[in-house]
Amino acid sequence: MPLLEIKDLHAKVGDREILTGINLAVNPGEVHAIMGPNGSGKSTLAQVLAGRELYVVTAGEVLYDGKDLLGMPPEDRAREGIFLAFQYPVEIPGVSNMYFLKAALNTIRKHQNLEEYDAMDFLNLVREKMKLMEMEQALLNRPVNTGFSGGEKKRNEIFQMAVLEPRLAILDETDSGLDIDALRTVAGGVNALRNPNRSMIVVTHYQRLLNYIVPDFVHVLSQGKIVKSGGKELALELEESGYAGLGIEDEEEAVAKV
Amino acid sequence: MTAVSQQTGAWLSQITEQPAAEPWLQQLRETAFQRFAELGFPTTHDEEWRFTNVAPIARASFHVAAAKQLLRIPNGVRELSLADAKPHLAQHAAFHRNAFVALNTAFLNQIAVLQIPRGAVIEEPIEITCEASEQPGRVAVHPRTLILVGADAHCTIVETYKGQGAYFTNAVTEIVAGDASVVDHYKVQLEGREAFHVATMQATLGRSANFSSHSISLGGALVRNDANATLSEGTEATLNGLYLVNGTQHVDNHTVIDHAKPHGTSHEVYKGILDGHAVAVFNGRIIVRKDAQKTDSKQTNKNLVLSDDAVINTKPELQILADDVRCTHGATIGQLDDEAMFYLQSRGIGKHDARSLLTYAFAQDIIDRIKVPSLKESLERILFEKFHEHAQ
């Protein structure tokens, strides 16, 4: 049984329809890359899966582990093992990274009938994961993402993922704004988390990230639909001939023409 | 009878029942009462009271009771007699313009007069707790505090107001900070939910003194806080505040920072969290006198409004008479950030917890600046409980 099954998903924001019929099945352990030009709906798909209320689902269904995902509030999705690494991680002044992450982890563990971590166990866990992400421990005591550099924010996302150990991780343009060293570290962190029970959806605009996180499948999104699917070689094809080679333009331009 | 004399009449009979004091004090009381009778309680036609209607106080009749002030005085702090206080008492908190200060002065009776000798460094906080005990009928208390801090002395003052039932606290605190002294003042207002609380804190600050005042206003039905500081040359003053209101609470914070001399620095951050049908007022006046060149002043008022029915009135009031100064001010009114809510929820944190966490975070920087660990801890606990209440 697939871990995630998206059937004919339509979603809009305001009056604008962004997803126009997505079909996708993700099995346990698989890594799926979603590529596409700006405005094709990649980030919308990621946010809809995580439960952002800004987007209204107008048709279709999503089954997660056989359950109706769209009926769940975002926090329940997280507790059931879905994790979204944000394209733009949110700064939350006044809430320490440490407090936030411990609250998140224990809420999820409680939901899954696992014992909650005490301060000591949590610190040990966090230290181990920070090493993986080559993060400085000082970041833990700072407010969530506040004053972090772009690279630190992205690292912090993957660090959170490492601590929360989701079953389905959705990475939304985790590569954007990263220099090559930061990209390697982030990708290294992601790869270390790959396992046969954990699925990933990697949303990216560029093929570059997929040199480091090698996907099992690549899907190309255009105008809110998957227009082409293939293996990892599809990403390389795109790298050579661009989206234009598939007859796809940036949607913003397409919109401008209307 | 006019409305004013109706209002003052009930107070007058209680004034005359007061046991006579030494002539100078008796004289002060009488002058103050006369001024109160002339002013009457303010109305919303007074610019200073435009958004705060004190009619519920003016119309009610109260029985004046002795203000019970519990003092915790660390070693090195002297408690002075009323006679010793004479040169300073009522010299800082002026009663000619403020009817409530006049009323407090008219009922001057037991007062806390504390002196920190020149050069003394007092590490333990001076704690002054005013608790209105539950009594039959409506009680009015007029607590009065005078703190004289010598030159180069360091001290911390924590004033707490609390009580139960429907009563009226009308407090006045005068602080005189000597040259180069360092004074950290906290006022924690935890009055009962039916109480009226009106208080003036007036600080007169010496040359190069460093003064900070933190006003935390959580309780009361109708609350007015006046926090005023007059700076001297090179003085650094901080006025911070946090007000948290819900239900039908009304809290009004008026501040005046008076830069009387050159090279003064002032920082002011007031933050408010409003829920339910609550109303809050912030009015921050900054005066830079003609001589006060090189003044550096910054004022910020931020409000987090959690319900559609809460109302905030915020107004900066800058009176700048010098020409070589830097004064900035800003006010914001906002709701909880949707993106931050979603971010927390996407990590498994429930909606209610996310709301209370973000609300708490909004207040955090004011709490972080509290340097008395026990006070900080107890406020963190109180706020945490309150935010859970708010989030429900």
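Between chain A and chain B, 9 residue pairs are in polar contact, both residues at pLDDT 80 or more; a polar contact is a pair of N or O atoms within 3.5 Å, where within protein one must be able to donate a hydrogen and the other to accept it, and residues adjacent in sequence count only if both atoms are side-chain atoms. The model is predicted, so local features need pLDDT of at least 70 and side-chain atom pairs count only at pLDDT 80 or more, while totals for chains, interfaces and linings use all residues. Residues are numbered from 1 along each chain as its sequence is written, chains are lettered from A and ligands numbered from 1 in the order in which they are written, and side-chain values use heavy atoms, with hydrogens and water left out.

The two chains also share 1 salt bridge (a side-chain nitrogen of Lys or Arg within 4 Å of a carboxyl oxygen of Asp or Glu). A salt bridge joins the side chains of B:Arg347 and A:Glu157 at 2.7 Å, N to O.

In the contact (heavy atoms within 4.5 Å), chain A takes part with 31 residues and chain B with 19 residues.

Let us turn to one residue of chain B. B:His92 lies in the loop between helix H4 (82-85) and helix H5 (99-106) of chain B; helices are DSSP runs of H or I, at least four residues, numbered from the N terminus. B:His92 counts as buried because its relative accessibility is 17%, buried meaning under 20% relative accessible area (1.4 Å probe, protein chains only). Its side chain makes polar contacts with the side chains of B:His88, at 3.1 Å, and B:Thr204, at 2.9 Å.

Methods
Helices (H or I, at least four residues) and strands (E, at least two) are DSSP runs, numbered from the N terminus. Buried means under 20% relative accessible area, exposed over 50%, partly exposed in between (1.4 Å probe, protein chains only).
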